[in-house]
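Here is a friendly briefing to read beside the model. Please keep the structure open while you go through the points.

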Amino acid sequence: MKICRTKKSLSALSDAWHQAGETVAIVPTMGYLHEGHLSLVRLAKKKARRVAVSVFVNPTQFGPNEDFERYPRDERHDFALLRAEGVDAVFAPAPEDMYAEDATVSLVESKLSKVLCGAFRPTHFAGVLTVVLKLFNVSRADVAVFGQKDAQQLAVIRRMVRDLDVPVEIVGAPLVREKDGLALSSRNTYLSAAERRRALSLHKALDAAEADYRAGKTDPAAATARIAKALAKSCDSVDYAEAVDADTLEPVKKLGPNTLLAVAAYVGKTRLIDNHLL
Ligand code: AMP
């Protein structure tokens, strides 16, 4: 596994692969890898001959009072996991290499990124889109894999690729959970044992709403009210519980296929997100 610390080295590697007629996939991550990330890597290996994984805690997608400084990091462990998966290259640049000190251009999406998490994290998706476009450009990837865990991120990235004709195929990967249903997340490491038990309520509330839907209940207001009520009991605060179209992120009039039930809530100081795609 090649370890690329500079944009130049990753681009050179990808160029060589392409010259040899090989396709390239990129899996962008912020590290502290878990089975969710590794499922993306395995899917990427099916989609392209070569797989590069980026491990970069991107400062520009964190708000001023968010957890950039304390975001968990363990590069050695991450690299060992990626090596064991047979990844071809890991891209782990220093922030100074990633961004020019006086960078003045960033990418703003003006609709999908304003709702759900975007309403609470107003600069987050500009940071995400900018770094993701940079990763596409640097890696020259043919394919990029993103998790359904961050369903809004996936929708916003698909929109960017569509609207800017970015020559990359976006592949969405299913959300991976612990045995008890908790969505895997690097941020779960913040949770105490008691908080972790309360965190399970996100999945449980979504599960109950999905069961109602399967039993024929299709009113989105009733579904989201039920979810919000359950979360209010076990979480410390609820940012949102919504039923939206998974592509447009617009509220749905009726629950149906491609409806995304999405939640964000705090357990202690940890902000958690989860979703079920109906
Ligand atoms: P992150 O390191 O949190 O930025 O996540 C990197 C990529 O892994 C994103 O595309 C996430 O959606 C994806 N991911 C994170 N957690 C999960 C999970 N539990 N299941 C599937 N994909 C995930």
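Throughout, contact means heavy atoms within 4.5 Å. With that in hand, Ile 170 touches Phe 136, Ala 144, Phe 146, Leu 154, Ile 157, Arg 158 and Val 161, leaving out residues up to four places away in sequence. This is a predicted model, in which local features need pLDDT of at least 70 and side-chain atom pairs count only at pLDDT 80 or more, while totals for chains, interfaces and linings use all residues. Residues are numbered from 1 along each chain as its sequence is written, and side-chain values use heavy atoms, with hydrogens and water left out.

**Domains**

- The domain assignment gives domain 1 (2–173) and domain 2 (186–277); such bounds come from an automatic or database assignment.
- Taken over C-alpha atoms, the centres of domain 1 and domain 2 are 26 Å apart.
- Domain 1 brings 23 residues to the contact, and domain 2 brings 19 residues.

**Nonpolar cores**

- A nonpolar core is a set of buried Ala, Val, Leu, Ile, Met, Phe, Trp, Tyr and Cys residues joined through side-chain atoms within 4.5 Å. Buried means under 20% relative accessible area, exposed means over 50%, and partly exposed lies in between (1.4 Å probe, protein chains only).
- Which members of the largest nonpolar core touch the most other members? Of its 45 residues, they are Val 132, Phe 136, Phe 146, Ile 157, Met 160, Val 161 and Ile 170.
- Elements that each supply at least two residues of this core include helix H1 (7–19), helix H6 (124–139), helix H7 (151–163) and strand E8 (259–267). Helices (H or I, at least four residues) and strands (E, at least two) are DSSP runs, numbered from the N terminus.
- H6 gives the largest share of this core, 9 residues.
- Both domain 1 (2–173) and domain 2 (186–277) contribute at least three residues each to this core.
- Another core lies apart from it, with 23 residues, among them Leu 200, Ala 205, Ala 209 and Val 252.

**Cavity and pocket**

- Here a 1 Å grid is laid over the protein atoms alone: a cavity is a set of points where a 1.4 Å probe fits but cannot get out, and a pocket is an open set with protein on both sides within 12 Å along at least five of seven lines. Lining residues have an atom within 4 Å of a point.
- Grid points are joined across faces, edges and corners, and a volume is the space filled by probe spheres set on the points.
- The structure holds 1 cavity of 30 Å³ or more, and the largest cavity has a volume of about 70 Å³.
- Of the 13 residues lining the largest cavity, Leu 182, Ala 183, Leu 202, Leu 272 and Ile 273 are the closest to its centre.
- Helix H8 (193–214) and strand E9 (270–277) are the elements that give two or more residues to this lining, and H8 supplies the largest share, 4 residues.
- The second largest pocket has a volume of about 160 Å³. Among its 14 lining residues, Val 55, Phe 56, Val 57, Arg 73 and Glu 75 lie nearest its centre.
- By class, the lining of the second largest pocket has 8 nonpolar, 1 polar and 5 charged residues. Ala, Val, Leu, Ile, Met, Phe, Trp, Tyr, Cys and Pro count as nonpolar, Asp, Glu, Lys and Arg as charged, and the others, Gly among them, as polar.

**Individual residues**

- Is Ile 227 buried or exposed? Ile 227 counts as buried because its relative accessibility is 1%. This residue of helix H9 (220–234) is in contact with Ala 205, Leu 206, Ala 209, Ala 241, Leu 261 and Val 263, leaving aside neighbours within four places in sequence.
- Ser 186 sits in the loop between strand E6 (169–173) and H8 and is buried, at 6% relative accessibility. Beyond its neighbours within four places in sequence, Ser 186 is in contact with Gly 31, Tyr 32, His 34, His 37, Tyr 71 and Pro 72.
- Arg 140, in the loop between H6 and E5, has a positive phi of about 50° although it is not a glycine.
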